[in-house]
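Work through the exercises below with the model open beside the text. Each task is followed by a solution in steps.

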Amino acid sequence: MICLDLTKIEPQKISKDLATYTSMLYGPPKVGKTTFYFDLFGQRAIFARTEKGSKAIAGLIGQDIANWSDFMKFKNQLKRPEVKELFDVVVIDTYDNLCIFLERYIINKYGVDKLNDANGGWGAGQKEFTETLMMTLNEIESFGYTIHFVSHAKKIVEKLPGTEEE
């Protein structure tokens, strides 16, 4: 809400509760990123599971997401008052897969091979991707949830010149 009387603005208060801040855990697979969020938020978090890794965590509440359409159904369920009473936090596990799902959705929507060729080309597909993702995540936050992301680091092994084993 925009305050039109600038003399009525209150000083900002800082929360010490991580559940009120968006965050991303980024690291290699199987180091405990999902477990960390579950330990932190418990059953006040609903996990949008785009992979099967969290199935071994007893007590975790999660919805399997196999494509962008599933994620949109998940998002629409988050609007329901009875769902909002149950959860404060949405954990997207993993963000990487969610982005792949959205990219596939846009590519299939326009019948092209590459995202940049979608929606008339000239990078318009990338623009649609970015806007769709941001609007969807902003909408979830507008329902009163805080979003947390799990993302995987990719291990890249590089050899420095002169360090090759002979």
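**Exercise 1.** Determine how H4 and H5 are oriented relative to each other, and list the residues that meet.

Step 1. In this predicted model, H4 is the helix of residues 95-110 and H5 is the helix of residues 124-142. Helices (H or I, at least four residues) and strands (E, at least two) are DSSP runs, numbered from the N terminus.

Step 2. The two axes lie 10 Å apart, at an angle of about 130 degrees. Axes are lines fitted to C-alpha atoms, for helices over the stretch in contact, and angles run from 0 to 180 degrees between N-to-C directions.

Step 3. H4 and H5 are therefore oblique to each other. Angles under 35 degrees count as roughly parallel, over 145 as roughly antiparallel, 65 to 115 as roughly perpendicular, and the rest as oblique.

Step 4. The crossing of H4 past H5 is right-handed. A crossing is left-handed if the near helix is turned anticlockwise from the far one by less than a right angle, and right-handed if clockwise.

Step 5. From H4, the residues Tyr95, Leu98, Cys99, Leu102, Glu103, Ile106, Lys109 and Tyr110 meet Gly125, Glu128, Phe129, Thr132 and Leu133 of H5. Contact means heavy atoms within 4.5 Å.

Step 6. This contact of H4 with H5 has 8 nonpolar, 2 polar and 3 charged residues. Here Ala, Val, Leu, Ile, Met, Phe, Trp, Tyr, Cys and Pro count as nonpolar, Asp, Glu, Lys and Arg as charged, and the others, Gly among them, as polar.

Residues are numbered from 1 along each chain as its sequence is written, and side-chain values use heavy atoms, with hydrogens and water left out. As the model is predicted, local features need pLDDT of at least 70 and side-chain atom pairs count only at pLDDT 80 or more, while totals for chains, interfaces and linings use all residues.

**Exercise 2.** Describe how H2 packs with H5.

Step 1. H2 (residues 68-78) and H5 pack at an angle of about 25 degrees, and their axes are 10 Å apart. That angle makes H2 roughly parallel to H5.

Step 2. H2 passes H5 in a left-handed crossing.

Step 3. H2 contributes Trp68, Phe71, Met72, Lys75 and Leu78 to the contact, and H5 contributes Thr132, Leu133, Thr136, Glu139 and Ile140. By class, the residues of this contact of H2 with H5 are 6 nonpolar, 2 polar and 2 charged.

**Exercise 3.** Find the buried residues of H2 and of H1, and say what covers them.

Step 1. In H2, Trp68, Phe71, Phe74, Lys75 and Leu78 are buried. Buried means under 20% relative accessible area, exposed over 50%, and partly exposed in between (1.4 Å probe, protein chains only).

Step 2. Down the axis of H2, these residues fall within an arc of 115 degrees, so they line one face of the helix. The arc is that of the directions from the helix axis to the C-beta atoms.

Step 3. The cover over the buried residues of H2 includes E2, E3 (62-64), H3 (81-84), E4, H4 and H5.

Step 4. In H1 (residues 33-41), the buried residues are Lys33, Thr34, Tyr37, Phe38 and Phe41. They cover an arc of only 135 degrees, which puts them on the same side of H1.

Step 5. The buried residues of H1 are covered by elements including E1 (23-27), E2 (45-49), E4 (89-93) and E5 (146-152).

**Exercise 4.** Is His148 buried or exposed, and which residues does His148 touch?

Step 1. His148 lies in strand E5. With a relative accessible area of 0%, His148 is buried.

Step 2. Not counting residues up to four places away in sequence, His148 touches Leu18, Ala19, Tyr21, Thr22, Ser23, Tyr37, Phe41, Val89, Val90, Val91 and Ile92.

**Exercise 5.** Locate a cis peptide bond and the residues with positive phi.

Step 1. The peptide bond from Asp93 to Thr94 is cis, with omega near 15 degrees. Thr94 is in the loop between E4 and H4.

Step 2. Lys30, in the loop between E1 and H1, has a positive phi near 70 degrees and is not a glycine. Lys30 is exposed, at 75% relative accessibility.

Step 3. Asn119, also not a glycine, has a positive phi of about 55 degrees. Asn119 is in the loop between H4 and H5 and is partly exposed at 35% relative accessibility.
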